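Open the model in your viewer and switch to a cartoon view.

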Amino acid sequence: MNIILLGAPGSGKGTLAKKISKDFDIPQISTGDLFRAIVKEESELGSQVKRIMESGALVPDELTIEIVKKRFQEDDCQKGFILDGFPRTVAQANALEKIAHIDTVILVDLAFETIIERLSARRTCPGCGEIYSTLDYSSNECSKCGATLIQRDDDKPETIKNRLEVYEKNTAPLINFYGDRLFKVSSDKTPEDTYRPVKTFLESMGE
């Protein structure tokens with residue numbers, strides 16, 4: 001089963017993807033994670049991607065598509081995958097149609113005001129990658145590995161607003177592009193409340 005998770009940054013796509021991945025045994029492919037891995041390589045390409053991410057802009061389509069295509073070739077994608085953060089433009093969606101069949105697209109819907117509040121409160125462990133929120137976690141140390149938590153540059157309020165503007169301009173048109181394959185769910189409640197109807201829907205697809 002090949003799935004796309006569509007929605008604004010901070011809408012809860014990553015959390016939802018992890019739940020789907022666990023229950024349906026297919027990998028989550030996050031372009032954000034792929035890009036951050038490239039940045040850690042400290043190469044010329046990594047420096048270029050880092051500058052783009054910190055500005056809140058999108059990584060160029062050609063580069064993004066090649067990175068994703070390479071990921072599809074790995075063994076764990078043979079039963080399917082969950083795309084989180086790709087495609088972000090209609091051009092990327094058209095390119096994706098040429099390299100993979102998409103069974104369904106799940107739109108995770110959340111008000112921009114709530115997104116800004118959630119992302120501004122997000123803290124990330126630089127050691128193990130665990131994510132926390134200052135809304136419900138008061139320590140500045142990771143509970144798993146003890147590293148000091150950080151606020152990523154792309155989680156700062158000014159960058160968040162830019163990211164949402166980019167989403168509205170470039171990614172929102174994908175709702176129309178995937179209209180016949182779209183399943184919409186609100187993420188304004190708990191992750192469990194968000195996942196419940198999604199799980200039921202995906203199970204019905206496999207029947």
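Predicted model: local features only at pLDDT ≥ 70, side-chain atom pairs only at ≥ 80, totals over all residues.

Start with the strands. Five of them form an open sheet in the order E2-E3-E1-E4-E7, and their pairing is parallel. Select 28-30 for strand E2 and 182-186 for strand E7: these two stand at the edges, and each has a single partner strand, so one side of each is left without a neighbour in the sheet. Turn the view to look along the sheet; on average, neighbouring strands are turned by 25° against each other, direction ignored.

**A strand pair**

Next, select residues 2-6, strand E1, together with residues 104-109, strand E4. Four bridges join this pair in the parallel sense. To find one of the contacts, pick Leu5, whose bridge partner in E4 is Ile106.

**The helix across the sheet**

**The pocket**

Finally, move to the second largest pocket, with a volume of about 180 Å³. Which residues line this pocket? Select Leu34, Ala37, Ile38, Glu41, Leu45, Ile67, Lys70, Arg71 and Glu74 to show the lining. Colour 31-40 and 61-72 as well: these are helix H2 and helix H4, and each supplies at least two residues of the lining. Colouring the lining by residue class gives five nonpolar and four charged residues, with no polar ones.

Conventions:
Residues numbered from 1 in each chain as written. Heavy atoms only, no water. 1 Å grid on protein atoms, 1.4 Å probe; cavity = no way out; pocket = protein on both sides within 12 Å on 5 of 7 lines; lining within 4 Å. Points joined across faces, edges and corners; volume = space filled by probe spheres on them. Nonpolar A, V, L, I, M, F, W, Y, C, P; charged D, E, K, R; others polar. Pairing = 2+ DSSP bridges. Axes fitted to C-alpha atoms, helices over the stretch in contact; angles between N-to-C directions.
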